Amino acid sequence: MLLATLVRFKEGALNKVWAGHGCSVVSNFVFLAEQLNAGLIAITSQLEIEKVAQLCDGLLLPGNSNNIDPKHFGGDPFDPPDYWDEYESLDSKAIEAFHRAGKPIFGICGGMQSINVYFGGTLKLVPDKENHWAYRDPDPVDRYGNAIKYRVHPVTVEADSFVADVHGPGRAMVNTYHSWAVDKVAPGFRVVATSDDGTIEAIECREKNIFAVQWHPELAYRMADPVEQKFFENFLAVCAKEKK
Amino acid sequence: MNIAILPRWRRGTLEKIWAGHSFSVANDFVSIANRYGIGLTCILTRFDVEHAAENCDGLIIPGGCSMGDPYEGGEEFDPPDLFALDDKVIDAFVRQGKPIFGICRGNQTINRFFGGTIYEFPNKPEHYFYNDPTPFDRYGNQIKHRIHHVNVEEGSFVHDAYGETRIITNSYHSFAVDQLAPCLTVVARTDDGVVEAIENKEMHIYGTQWHPELGYRMNEPLDMKLFENFFETCRKVAQEREG
């Protein structure tokens with residue numbers, strides 16, 4: 001099994017030889033892939049992306065510290081404009097290539113938003129940033145003893161969905177770190193998890209084999225959480241099934 | 001054309017959800033690949049490496065922290081066995097007969113892979129401590145690095161790019177090739193004898209101890225020629241494979 005993911009731009013210290021800007025993949029994804037015996041490669045640009053989509057069995061679309069410029073869904077563009085616009089240069093091209101190649105896609109946080117925008121939906125600011133973004137007190141501690149600034153909130157999970165496959169239908173507690181959210185859901189997609197203030201927390205389209213969550217299940221690696229890890233196990237199973 | 005690259009461990013801020021440690025590709029490599037219209041994919045795990053390698057026409061092994069301290073003191077995490085990944089990937093590319101270009105620690109990794117050794121040479125200041133004054137890059141940032149002279153063998157891949165037998169390169173290392181692997185040749189040394197570049201032209205294996213990818217930021221066309229030539233070699237080898 002070979003999955004692809006995208007790099008995210010990380011600012012560095014340009015005055016040092018080796019510590020300049022980087023294009024990074026959060027280590028959680030790599031450790032999770034290793035744990036699940038899956039190959040993982042990272043795409044760094046849209047060049048030759050169709051070939052990579054042919055080669056890989058699925059796409060992990062990660063979150064991003066940059067938000068998607070509203071001009072991509074009919075809103076007023078950011079001022080000043082987003083210099084890197086990874087939605088334009090990377091996310092949208094990756095979704096297009098993998099979707100056309102018939103490969104499953106799993107979107108996380110900003111990745112979910114990219115998916116929604118790509119297929120024709122829109123985004124909006126969350127109604128209450130406090131609930132979806134601000135750190136709570138006290139900080140939980142990861143498996144290595146590091147205190148991590150974290151927020152969690154409850155979500156309501158629809159039965160017979162990929163989220164229910166992991167958390168069961170009904171209520172679940174998930175982490176959260178986003179200031180934008182899905183507004184209009186892209187046609188063909190179904191909302192399968194919402195938080196108490198109505199914010200859309202997960203969407204799926206089974207026909208297209210595209211699944212997305214607004215929270216960060218990859219943190220399951222650091223938090224030694226076997227439940228959220230099931231998202232990745234199940235996604236790999238979907239990719240394996242599609243392969244046949 | 002797709003070229004593969006290996007990641008480097010990059011320490012982050014563990015207290016924040018999204019800003020923890022990561023596996024990283026220096027932006028310089030991405031910029032260079034973009035400039036030459038090449039897809040650059042980063043191989044991150046040891047699984048399905050042969051499959052990933054089949055899609056790529058060459059491999060770049062970038063620099064990283066010293067061999068003596070592989071995880072940059074990453075005591076917070078189970079240290080990832082980066083060298084196991086490096087070796088597995090190099091093995092796949094060698095077996096598929098594809099060109100490999102190692103840079104800085106990548107250069108040392110190649111030597112180690114083929115049976116040589118590396119050592120911490122005594123003259124660290126000449127290869128590591130910053131010179132004065134420091135140059136500016138294309139973005140107007142003043143970059144601290146060291147530069148030194150390197151003596152180059154004629155006919156080597158270094159000579160093909162720089163066109164001279166005595167060149168000036170940047171430098172940022174404290175380890176170097178000690179015992180050379182049997183299949184490799186030294187093609188550049190500094191005045192104090194430290195190995196600065198190795199190659200095996202028949203196997204399309206090249207390594208430089210300096211950082212030519214910085215040539216992108218520093219507007220150095222000769223450093224870029226090293227990459228151009230490497231990409232050209234990858235293309236030619238791919239055509240031979242298909243033909």
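In the predicted model, helix H1 of chain B meets helix H8 of chain B through Phe29(B), Ile32(B) and Arg35(B) on the H1(B) side and Met224(B), Phe227(B) and Phe231(B) on the H8(B) side. Sorted by class, the residues of this contact comprise five nonpolar, no polar and one charged. Two packed helices are described by the angle between their axes and the distance between those axes. Here H1(B) spans residues 27–35 and H8(B) spans residues 221–242, and their axes come within 11 Å, with a crossing angle of roughly 60 degrees. The two helices are therefore oblique to each other. The crossing of H1(B) past H8(B) is right-handed.

Empty space inside the protein was examined next. Rolling a probe the size of a water molecule over the atoms shows where empty space is left. Four cavities of 30 Å³ or more were counted. The largest cavity holds about 90 Å³ of space. Its lining consists of 13 residues, of which Asn64(A), Asn66(A), Asn67(A), Ile68(A) and Tyr87(A) are the closest to the centre. Two elements of chain A, helix H3 (86–100) and helix H4 (110–118), each give two or more residues to this lining. H3(A) contributes the most, with three residues. In terms of class, two nonpolar, five polar and six charged residues line the largest cavity.

The second largest cavity holds about 70 Å³ of space. Its lining is formed by Leu3(A), Phe29(A), Leu32(A), Ala33(A), Leu36(A), Ala38(A), Leu60(A), Phe232(A), Phe235(A) and Leu236(A). Helix H1 (27–35) and helix H7 (226–243) of chain A are the elements that give two or more residues to the lining of this cavity. The class division of the lining is ten nonpolar, no polar and no charged residues. By contrast, the lining of the largest cavity includes six charged and five polar residues.

About 400 Å³ of space lies in the second largest pocket. This pocket is lined by 25 residues, and those closest to its centre are Gly63(A), Asn64(A), Ser65(A), Cys109(A) and Trp18(B). Asn64(A) is also among the residues closest to the centre of the largest cavity. Elements of chain A that give two or more residues to the pocket lining are strand S1 (2–6), strand S2 (8–10), strand S3 (22–26) and H4. S3(A) provides the largest share, three residues. H4(A) is also one of the elements that give two or more residues to the lining of the largest cavity.

Two features of the backbone of chain A remain to be described. Most residues other than glycine have a negative phi, and most peptide bonds are trans. The peptide bond that joins Asp79(A) and Pro80(A) is cis, with omega at about 5 degrees. Pro80(A) is located in the loop between strand S5 (58–61) and H3 of chain A. H3(A) is the helix that gives the most residues to the lining of the largest cavity. Asn209(A), although not a glycine, has a positive phi of about 60 degrees. Asn209(A) also lies in a loop, between strand S12 (200–205) and strand S13 (210–213) of chain A.

Methods
Residues are numbered from 1 along each chain as its sequence is written. Chains are lettered from A and ligands numbered from 1 in the order in which they are written. This is a predicted model: local features need pLDDT of at least 70, side-chain atom pairs count only at pLDDT 80 or more; totals for chains, interfaces and linings use all residues. Side-chain values use heavy atoms; hydrogens and water are left out. Axes are lines fitted to C-alpha atoms, for helices over the stretch in contact, and angles run from 0 to 180 degrees between N-to-C directions. Helices (H or I, at least four residues) and strands (E, at least two) are DSSP runs, numbered from the N terminus. Angles under 35 degrees count as roughly parallel, over 145 as roughly antiparallel, 65 to 115 as roughly perpendicular and the rest as oblique. A crossing is left-handed if the near helix is turned anticlockwise from the far one by less than a right angle, and right-handed if clockwise. Contact means heavy atoms within 4.5 Å. Ala, Val, Leu, Ile, Met, Phe, Trp, Tyr, Cys and Pro count as nonpolar, Asp, Glu, Lys and Arg as charged, and the others, Gly among them, as polar. On a 1 Å grid over the protein atoms alone, a cavity is a set of points where a 1.4 Å probe fits but cannot get out, and a pocket is an open set with protein on both sides within 12 Å along at least five of seven lines; lining residues have an atom within 4 Å of a point. Grid points are joined across faces, edges and corners, and a volume is the space filled by probe spheres set on the points.
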